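Visitor: I would like to learn how to read side-chain features from a model. Please take me through a few.

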Amino acid sequence: MEKVTKETYLKWYEDMLFWRKFEDKLAAVYIQQKVRGFLHLYNGQEAVLAGALHAMDLSKDRMITAYRNHVQPIGMGVDPKRVMAELYGKVTGTSKGMGGSMHIFSKEHRFHGGHGIVGGQIPLGAGMAFGDKYNGSNAVTLCYMGDGAVRQGSLHETFNLAMLWQLPVVFICENNGYAMGTSVARTSYSTEIWKLGLGYEMPCGPVDGMNPDTVAQEMSKAIERARSGGGPTFLEMKTYRYRGHSMSDAQQYRTKDEVAEYKKIDPITQVLDVIKENKYATDEQIKAIGKGVKTLVSECEKFAEESDYPPVNQLYDMVYEQENFPFVQHKL
């Protein structure tokens with residue numbers, strides 16, 4: 001991969017700042033009960049997405065992940081207003097308000113969703129890669145999971161077949177240390193999650209998931225390997241989430257001091273430091289980026305607030321393709 005340019009650093013800063021503020025806004029409206037159900041925020045893990053997007057070919061590559069999935073589709077090109085509306089349960093949302101926080105999809109932008117079943121997306125990601133290989137599309141699938149999902153049997157079944165069939169897929173574990181609220185050390189004999197790939201002779205390794213430059217470099221290698229027929233890769237992105245697993249998480253398993261230590265290596269701050277050190281932007285330009293981000297978040301909130309809830313009849317349109325199916329002949 002070529003050296004990261006000034007333009008890339010400025011884009012990283014603007015994107016990651018927007019993702020952070022977008023999630024902060026969701027936390028605020030969740031407390032107001034405008035967004036309900038579960039809400040899993042991405043604060044602290046932004047470098048994993050920023051680096052990956054830089055390495056991808058967004059005209060054909062795919063992405064699938066778990067339920068911490070609000071900002072990934074935005075990075076893939078989905079209108080953030082539609083993502084916000086989906087979280088509000090509004091008809092203008094990405095899934096017409098029927099999916100909510102954990103189930104955001106975009107066929108157009110090849111974002112194949114968040115999945116509420118722990119590890120459920122892992123075999124699906126390999127299946128999409130199989131489809132692309134079968135159809136000769138030369139696309140690569142990025143399949144994300146949390147550190148809690150690697151204890152699922154579906155991961156091992158998938159790794160075996162992905163290697164056997166040399167599928168064009170990159171498996172990424174976003175290891176934020178605590179799964180839902182239990183440390184890796186309490187649930188796994190080996191805390192080096194990337195070593196799971198060794199049992200399948202799959203190329204694998206650990207990555208600093210707090211630095212988008214490092215992420216981009218390692219993702220570029222893995223994506224190129226997959227695209228050239230070299231098969232899958234398993235990368236463990238060592239990252240950290242600043243908020244709880246979900247909004248209902250009391251976070252009794254860690255101290256405030258620990259969170260404060262990780263905030264010293266905040267991915268947004270790291271990128272901003274590079275921008276300032278290299279004089280990629282003036283203080284006024286940096287402030288302008290922040291102002292633009294704030295404005296866009298407000299526009300997303302306004303769009304979601306003013307959109308309508310889906311009509312009751314839509315419930316029937318989302319299950320049965322056959323219009324005259326016996327159970328749905330009498331719509332409300």
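Visitor: Is Met 318 buried, partly exposed or exposed?

Guide: Some ground rules come with the model. It is predicted, so local features need pLDDT of at least 70 and side-chain atom pairs count only at pLDDT 80 or more, while totals for chains, interfaces and linings use all residues. Residues are numbered from 1 along each chain as its sequence is written, and side-chain values use heavy atoms, with hydrogens and water left out.

Guide: Buried means under 20% relative accessible area, exposed over 50%, partly exposed in between (1.4 Å probe, protein chains only). Met 318 has 40% relative accessibility, so partly exposed is the label.

Visitor: Which residues form a nonpolar patch on the surface?

Guide: Patches take residues with over 30% relative accessible area and no salt bridge; nonpolar side chains (Val, Leu, Ile, Met, Phe, Trp, Tyr) are joined within 5 Å, like charges within 9 Å. A salt bridge is a side-chain nitrogen of Lys or Arg within 4 Å of a carboxyl oxygen of Asp or Glu. Here the patch consists of Met 98, Val 312, Leu 315, Met 318, Val 319 and Tyr 320. Together they have about 540 Å² of accessible area, by the Shrake-Rupley method with a 1.4 Å probe, where for residues only the protein chains shown count as cover.

Visitor: How many aromatic pairs does a search of the whole structure find?

Guide: A pair of aromatic rings is described by the distance of the centres and the angle of the planes. Rings of Phe, Tyr and Trp (its six-membered ring) pair if their centres lie within 6.5 Å; planes under 30 degrees apart count as stacked, over 60 as edge-to-face and the rest as tilted. The search finds eleven. In one, Phe 159 and Phe 234 have ring centres 5.0 Å apart and planes at 65 degrees, so this pair is edge-to-face. Phe 159 is buried at 0% relative accessible area. Phe 234 is also buried, at 0%.

Visitor: What geometry do Tyr 240 and Tyr 262 have?

Guide: They are stacked, 3.8 Å centre to centre with 5 degrees between the planes. Tyr 240 is buried at 2% relative accessibility. Tyr 262 is partly exposed at 32%.

Visitor: Which residues form one aromatic cluster?

Guide: Phe 159, Phe 171, Tyr 200 and Phe 234 do.

Visitor: Where does Lys 90 lie?

Guide: A charge sits over a ring if NZ of Lys or CZ of Arg is within 6 Å of the ring centre and within 35 degrees of the ring normal. Lys 90 lies over the face of Tyr 309, 4.7 Å from the ring centre. The charged end of Lys 263 sits over the ring of Tyr 242, 5.7 Å from its centre.
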